Each structure stands twice: as structure tokens, then as C-alpha cells.
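Have the structure open while you read.

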Amino acid sequence: MVSAAFSDRPLKKLCLFDVDGTLSPARQTASPEMIQTLRALRKKLAIGFVGGSDLGKITEQLQTGDTNILDEFDYAFAENGLTGFKLGKPLPNQSFINFLGEERYKPLVNFILHYIADLDVPIKRGTFVEFRKGIVNVSPIGRNATIQERNEFEALDLKNGYRAGLILALKEKFPDYPLTYSIGGQISFDIFPNGWDKTYALGIVEDENFEEIHFFGDRTYKGGNDYEIYIDPRTIGHSVKSPADTIRILKKLFLQD
């Protein structure tokens, strides 16, 4: 039985969404049509996002005007749910550095920086390693790349496998580290403790006993950062090609009337 918090929703279901490529283009703002679609959907069932980025970056993409992003979603999960909110109230969080320890973290990040320094890619910008509360994000060209540079690198990465190559090197160098390496977005990949992928958020919503949990994501292939939650038996997974595709599926499933 769903709690009183969601008793006003006709459908006792939850829709969870990846952010980049699902609700908005990577690192760009969501369209007015997407925002209106989500607001209409929320009148029928509970909604939430599960992004790999920190809350600040997700807010830049999904917040409109003076609205508070935490007021627009029932669940807000940043960094795969390691930083979370339910109905605007913070949930317990987790720390990457507390899990791994500084003495093991430093060799990891030193190896990454040396590897990237020697990597022959067309451009390099700033912020190659971004330390977040529960995740370390790594980008071979740097997170300061422009939208155009991100698009160009994504195409080159599909051809040359820069990110996949670095992940393989990390697995070989640190085989005893209990870490998962997950490609997401256009230019980077995430590193986090095993089990701290997006399925982490599912454990948080279990107490509501939703009849169905639908997940929408674009990186649903093995190695993508939506894969684990997409195939999890607790979810009904929807693989999307773009934010427009997300809207199309939502209208077909829940917004026909």
C-alpha cells in the first residue's frame, strides 16, 4: 500500500528518469514541452530523477525560472541516489572517500591523471577528475569542454574507445578495488563502489510499495550507467533515444486522456 504522501495520485506507480539524453540533451536545459509533460504526469503518479551528476548540475538542466527543482519531483536522486531527497526533504547520503579511504584513493587518481596526460586526444580542457560525494567522474578531455567539443569527442570516442580504454587500464591496475566503472553522458565515466549504481535508489523507494516502477534511460546497454537499473527485476525499463522519445512514450503509456 502506497503511503499517504502519494494518496492523491490516481496511479500507485513511480516513474524514475535518467537526466542526460532522457529528460534533456546532455548538459543542456530541458525543453518547455518536457517540463509540462512531467508536470502533467505528476498529477497521475509519483515521479523522480536518478542522475549521475551532482544536484547543482542537474538543477541547471531541469529547473525553470524561480521554481525549486525539489518541488517539481517527488524523488530527487543525484549521484545515483547517494544524495537524495523525498518530497523536498533530504535522505541519508553516502561518501566515496569514507568507503575507499584516502590512502587508496590517491593512487587511483594519480594513475588517472598520468594516463590522461599521455593520452592523444584532439583537445584537452579543464577538470579531468571531478570528486563528488559518492562518485568520481573522469573525463579524458575535461568537463570544461564546450557543447560542440563534447559532440565531437563523443563521435571520436565511439570510434576510438578512449573511455573504454581507460576503464580497462584501471581494472588491470587496481583489480582488488571494489569499484564499478560506468560510461555515461558524452565525455566522461563514473567510478563508484560496487552496488552504488542507480539501483541504489531502488532500495530507498522500496518502503512505498509502488505497484510498478518504470525507469527511462538512454545508456541502457551493458557498461552504460543506466544498465543496472534498466535490467533490474524491480523496474519496467524503457530505453529511449532522446528526450523527445521519452515524451512520446510517456504520452502513450500515461497521458492518453
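A word on the ground rules. This is a predicted model, where local features need pLDDT of at least 70 and side-chain atom pairs count only at pLDDT 80 or more, while totals for chains, interfaces and linings use all residues. Residues are numbered from 1 along each chain as its sequence is written, and side-chain values use heavy atoms, with hydrogens and water left out.

## The chain as a whole

The chain holds ten helices and eleven strands; these are DSSP runs numbered from the N terminus, with helices (H or I) of at least four residues and strands (E) of at least two. Its C-alpha trace spans about 55 × 35 × 35 Å along the principal axes. A compact globule of 257 residues would have a radius of gyration near 18 Å, and the chain agrees, at 18 Å. That radius is taken over C-alpha atoms, and the globule rule is 2.2 Å times the number of residues to the power 0.38.

Of the 257 residues, 54% are buried. Here buried means under 20% relative accessible area, exposed over 50%, and partly exposed in between (1.4 Å probe, protein chains only). Take the contacts in the chain with a separation of 6 or more: residues 24 or more positions apart account for 67% of them. A contact means heavy atoms within 4.5 Å.

## The seven-stranded sheet

Seven strands make an open sheet with mixed pairing, in the order E5-E4-E3-E2-E1-E10-E11. Two strands pair if DSSP finds at least two bridges between them. E5 and E11 stand at the edges with a single partner strand each, so one side of each has no neighbour in the sheet. Further in, E1 and E10 run parallel and share five bridges, with Lys 13 standing opposite Glu 212 in E10.

E3 and E4 pair antiparallel over four bridges, and Ala 78 stands opposite Thr 83 in E4. The two strands form a hairpin with four residues between them, and Glu 79 in the turn has a positive phi of about 50 degrees. E4 is then joined to E5 (residues 89–90) by two antiparallel bridges, with Lys 86 partnered by Lys 89 in E5. This hairpin has two residues between the strands, and Leu 87 takes a positive phi near 50 degrees.

In a regular strand the side chains alternate between the two faces of the sheet. In E4 (residues 83–86), Thr 83 and Phe 85 point one way and Gly 84 and Lys 86 the other, and all are buried.

## Aromatic pairs

How many aromatic pairs does a search of the whole structure find? It turns up 15. Rings of Phe, Tyr and Trp (its six-membered ring) pair if their centres lie within 6.5 Å; planes under 30 degrees apart count as stacked, over 60 as edge-to-face and the rest as tilted. Tyr 75 and Phe 210 are edge-to-face, because their planes are at 75 degrees, with ring centres 6.5 Å apart. Tyr 75 lies in strand E3 (residues 75–78) and Phe 210 in the loop between helix H8 (200–205) and strand E10 (212–217), so the pair ties together parts that are 135 residues apart in sequence.

Another edge-to-face pair is Phe 96 with Tyr 105, at 6.1 Å centre to centre and 75 degrees between the planes. Phe 96 is buried at 0% relative accessibility, and Tyr 105 is buried at 10%. Ring pairs also link Phe 6, Tyr 75, Phe 77 and Phe 210 into a cluster.

H10 (residues 243–254) has twelve residues and reaches 16 Å from first C-alpha to last, close to the expected 16 Å. The expected span is 1.5 Å times one less than the number of residues. Its buried residues include Pro 243, Ile 247, Leu 250 and Phe 254. Among the elements that cover the buried residues of H10 are strand E1 (13–17), helix H1 (32–42), E10 and strand E11 (236–239).
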